[in-house]
Amino acid sequence: MDLGPLNICEEMTILHGGFLLAEQLFHPKALAELTKSDWEHVGRPIMEALREISSATAHAQSFSWKKKALIIIWAKVLQPCPVTPSDTETRWQEDVFFSVGNMIPTINHTVLFELLKSLGASELFIQLLMALPTTICRTELERFLEHMTIDTSSKDVAFFLDVWWEMMKHRGDQQDPLLSQFRTMAHKYLPSLDEFSHPPKRFKSDPDVCPTMSLLAMLLNGLKQIQDRILGPGMKCCALANLADMLTVFALMEDDPQEVSATMYLDKLATVISVWNSDTQNPYHQQALAEKVKEAERDVSLTSLAKLPSETIFVGFEFMHSLLREWGEELQAMLNSSQGTNYDSFRLCDSLTSFSQNLKLYLDTTSLSKEERQVVSELADCVRDFLRKTSRVLKNKGFEDITASIAMAIIEQKMDRHMEMCYIFASEKKWAFSDEWVACLVNNTALFREPDLVLRLLETVMEVSTTDRAIPESQIKQVTDLILECYADLSLPDKNKVLSGVLHSWGRKGLSEKLLAYLEGFQEDLNTTFNQLTQSASEQGLAKAVASMARLVIVHPEITVKKMCSMAVINLGTHKFLAQILTAFPALRFVEEQGPNSSSTFVVSCLKETVWTKFSTAKEEKQFLELLNCLMNPVKPQGIPVAALLEPDEVLKEFVLPFLMLDVEEVDLSLKIFIQTLEANACLEEYWLQTCSPFPLIFSLCQLLDSFSKYWQLPKKRCLPLDRKDLVIHILELLCEIVLANAETFSPDTWIKSLSWLHRKLEQLDWTVGLRLKNFFEGHFKCEVPATLFEICKLSEDAWTSQAHPGYGPGTGLLAWMECCCISRSISEQMLSLLVVDVGNPEEVRLFSKGFLVALVQVMPWCSPQEWQYLLQLTRRLLEKQLLHVPYSLEYIQFVPLLNLKPFAQELQLSVLFLRVFQFLCSQSCHNWLPVEGWSQVVRLLCSSLTNILDSVRLIQSVGPWAQGQEQDLTQETLFVYTQVFCHVLHIMAMLHPEVCEPLYVLALEILTCYETLSKTNPSISSLLQKVNEQRFLKSIAENISPEERRQTLLQKISNF
C-alpha cells in the first residue's frame, strides 16, 4: 500500500466501491443531499469498505490509511463545484487529490461528519481540522456544531464531547506530509479569498494561524446548545470534566506552568491506565499497554500557549456553576454508589480537584471586579462542596502498581519524557533485576549512556545486590557488565562524573566494595594493563591507556591509583606518562570523609600510603619530586582534557609542614618539595599561599633555622646536614618575597596583626633568625640585636634597637657583629660600613684582630657554606682596608726567601688565619666543642676556603709580570706559597683526628700536584737545587702525618718531583 502520493491503489478502489454502493442505495437521490437520518442505512457500505481496508493492513498502516481516506473525503467536500471543463486539465496536473477525488461521487458535510462519528475518529477530526487555514477551520467547526445540534442523539453528544476533549489535547504534527498537502489543497480550492491566495510552502501548526482559543469558545457555545441532550451520568461527568479542564488549562494556569515532576507524571499515567484497566466499557480497556500509555500521555499533558478571552472565561465559570447546581446531586449519588470507578467519574473528580486548586490561586492573585470576584467565589465554594461530598472516588483506589511497566513501555517506545523515565528506572530499587527490568536495560542500553544514569544504575545494583533478595549471580554480573559498557562509551569528562559519584558513594574501594565477586578478571586486567603501560609510555598510547585505566579506576580506585603511584616512582622515566593518565581523572581529587587521612585528598592519601617515606634510592626521590610537579602542573596532551590533582598549598600541608624539623628523616626531601612548589607556582595568578597560612609557614621555617643555631648541641639525631641551612634560608627569602608581593590580599588590619604575631613568636628564637626578616618587618618593627653590638657599630636607633640576650655579655660585640655579617651580603656590607675601628691606632687594630679571630672560631662551626663565603669575603675586605692584622710567622721557612711575596700577601695571610683558627679550635679549651660530624663540617669549610686560595694563587701567577710591574715571572713566589699552604694543611691535619682529615689529605695531594706541575716549567740548575731542598723540607713535614698509608702516599708524591 502506498501512503505517500495520493494515487489510485487497491485500497482506493475498495473505498470507491463502498461509495458506489452507497450511491445506489440512496438512488434516485444524490449523496450530496444526504441527511443525518439517512446515514444509518446509506453509510453502511462506506463503513464496510473502510473496515475491509483496515482488516487487510497492519495496525499502524490501518490508522495512516484511515487518515488518508478522511483527507480525500474532506477534500472532496471542500472541492469547488461545479468543475468547469477548462479546469479539468489544470486539476489533473496540479491537484494531488483530483484523480482519487474523481472516484468519489459528490458528497456533503453530513457524509463527512457522520463518517467521522461512526469511526469514532475524534482525534483524526481535530488533526485535520487544525491543519486547515484559520477561516476554513472556523467555518468547518461551525458546520460541525450545526450538524451536532440537529436531531442530537446520544452518539452525537458523545462524539461532540470527544471532539472537544481532543481539541484540548491537540499538539499539532509539523512533520506530517499528508496534513501539509491537505492544507495546501485548501488554499488552492479557494483562490477568490485573499487569505488563501498565497499558500505556504509547508504546514505549520501555529496558534496565530489557527487560534485554538476561538475554537474552544465555539465548542463551549455548542455545549450550551446541546446541554439538554446530555442525559446519562457518564456524559455529564465527561462534559463537566471537559469544561473544568478547559478553564483550568486555558484560563487559570500560569502562562508558563512548571512541568510536573517525572515521578508525579508517572503516577498520573499509572492512575489513568489503572482506571482504564478496571473500566471494561472504556475504549482503551482492551488495548496494549504501549497504546494505553501513548493515549494516557496525551490525557495528562494538557498545555496552553494562550489564554481564553476574559468574557469566555466568565461565561465558562457561570455555565459550570449552573451545571453543577443542575447535575450535582445526581452525579454525587452516582459517584458515591457502589457502581465502581469508571474513567468518566474518575476524570470528573480529578479535573475538578485541579480546577479547584487553580481557582483558589486565581482568586488570590488576579485583580477582579466585585461582581467577578463574587462569581468566582461562589463557583469555588460550589466545586469545593461537590468534591467534599465525593472525595471517596480519588482515595483508596486499590489499583495494581503498574508504574514499572509504564515506565519501561515509555522507554521502549521512546515516548515523551522517556529520558526522565530512564532516571526513575535506574533509581527504583524495587524494580531492579526483574526479568522485564533486565530486558529493558538490555534493549535500550544506548539510552543509558549518560553519567547520571550510569551512576544511578550502579547505586541500584550495589544496594540491591547486598539485600536479602534472591538474585542469580549471573544476572548481577550481566547487569554490571552492561552498566560498565555504558560507562566505557562515555566521554572522558562524563566518565569523571561517574567516577566522582562512585568515590563519594563508596570511597576508595569503589565498586569492589560490594561487586568484586561479579567483576571477574579484575586482577588480571590490572596486571595486563600496567604491563602494557610500562612498554608503551608514549603520547600515541596515552588515549588507549586512559581508556584502559578508566575501567580499572572505577572498579577499585585505591588499588589502581596506588599501583600507578608506585610505578611512577620505581619505574625510571614513567612518571610523566603515568601523571598524564592520572590527571585525566580529576575526579580522583576528592576528600575522604573517613579513613586514616580523612582531611587529605584521595591522591595524597595514596601517595603517602604507597611511596612516601619508602624511597630506597635518590632516583626514586627525584622521580617522586617530578611526579608531584606533574600532578600540580599537568602537561596538557592533545585531545585529552587534564586537570591538576594536587594543589600547591595541599602539597605544602601534607609533605612539607609536618616534616620541618632537624630530627625528622624526611626533612631534606620536604625542603626540596618546598622549593620546587614555590618556584613552580610562583607565577600563578591566584595567591595560593593564602590558603595554607603563610605566616605560620614562615615561622615553621624560622624554627628550623633556629635549630641550626644549636646544631651541634642538639641531643637528637640530625637528619639534615648543616649545608642544607642555605636551602632553608633561600626558601625563607623566597617565601617572604612572595608574601610581601601579595600583601594587598590581606586587609590592613590582618596584615598588621599577622606581622605582630610573627614578631612575638620570633622572640622565642635566636635573634639572628629575626634579623633575616629585616626587610619583611621594615616600616613596622626595628631590628633587635644584642646591646653589645652598639659598642662597635654606629647603628641608627631609628632602625635598630638593643635587646638583652643571654650569652652576649661584655666583649661579645664583635661576635654579634660577625653573626650579622653571616646573614647576607647586604647586611655584611652594612656592618662593615658601620664598624668603629681606628686604623690609625695600632693597639685598636691589634685588639680588633684578636677579637676577630676569637669570634671567627666561635662562629665557623655553625656556618653553612654560603655563610662561610660571606665571612671569607668579609675577611678579604678587612685585610684590604688594613682593619685586620694577621702577622705571618716564619715557622715553615728554612731560609729567608729573597722573593716578592706582595702579590700573594692576602692569600698567605688567609692561610695563616685559618691555621690560627684551627689551633684555637683544637686547643684545650675548645677541643670538646664539636662532635665528629662538627669537625667534618669545619674541615669542609676550610677546604673550600683553601681551594679558593689556590685558585686565586693560580690566577695571580698566570697574569704575568707585565701586570705586576715585575721583570721576572712569579714562578718562585708561587712555589713558595704552595709550600706554605701545604705546610699549613699538614699542620692542621696533625691536630685533627684522622677520620675527619680525608678532604684535607686530598687537598694536600692537589697542592703537591700544583707544585710539581709548576716546578717543571723552570728546569734551571738553581731551581733543581732548590727543588731538592724543598723535597727534604716537605718530607720532614709529611713525616708527622698519620695514618701510615697517607704518610707514605704523600712522601711518594714528594719524591716524584
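A search of the whole structure, which is a predicted model, finds 39 aromatic pairs, a pair being counted where the ring centres of Phe, Tyr or Trp (its six-membered ring) lie within 6.5 Å, with planes under 30 degrees apart termed stacked, over 60 edge-to-face and the rest tilted. Phe590 and Phe602 form a tilted pair, with 5.6 Å from centre to centre and 45° between the planes. This pair links distant parts of the chain, since Phe590 is placed in the loop between α29 and α30 (602-610) and Phe602 in helix α30, 12 residues apart. Phe590 counts as buried at 5% relative accessibility, and Phe602 is likewise buried, with a relative accessible area of 0%; buried here denotes under 20% relative accessible area, exposed over 50% and partly exposed in between (1.4 Å probe, protein chains only).

The rings of Phe695 and Trp751 form an edge-to-face pair, because their planes stand at 70°, with the centres 5.5 Å apart. Phe695 belongs to helix α34 (residues 694-709) and Trp751 to helix α36 (residues 748-762), so that the pair ties together parts 56 residues apart in sequence. Elsewhere, ring pairs link Trp74, Phe113, Phe125, Phe144, Phe159 and Phe182 into a cluster.

Residues are numbered from 1 along each chain as its sequence is written, and side-chain values use heavy atoms, with hydrogens and water left out. Local features need pLDDT of at least 70 and side-chain atom pairs count only at pLDDT 80 or more, whereas totals for chains, interfaces and linings use all residues.

The secondary structure of the chain comes to 50 helices and two strands, these being DSSP runs numbered from the N terminus (helices, H or I, at least four residues; strands, E, at least two). Of the 1057 residues in the chain, 53% are buried. Helix α29 (residues 575-583) is mostly covered, with eight of its nine residues buried, among them His575, Phe577 and Leu578.

Ile313, placed in helix α16 (residues 310-335), counts as buried at 7% relative accessibility. When residues up to four places away in sequence are not counted, Ile313 touches Leu247, Ala251 and Leu308, contact meaning heavy atoms within 4.5 Å. Ile313 and Phe250 are 63 residues apart in sequence, while their C-alpha atoms are 8.7 Å apart in space. Across the chain, residues 24 or more positions apart account for 78% of the contacts with a separation of 6 or more.
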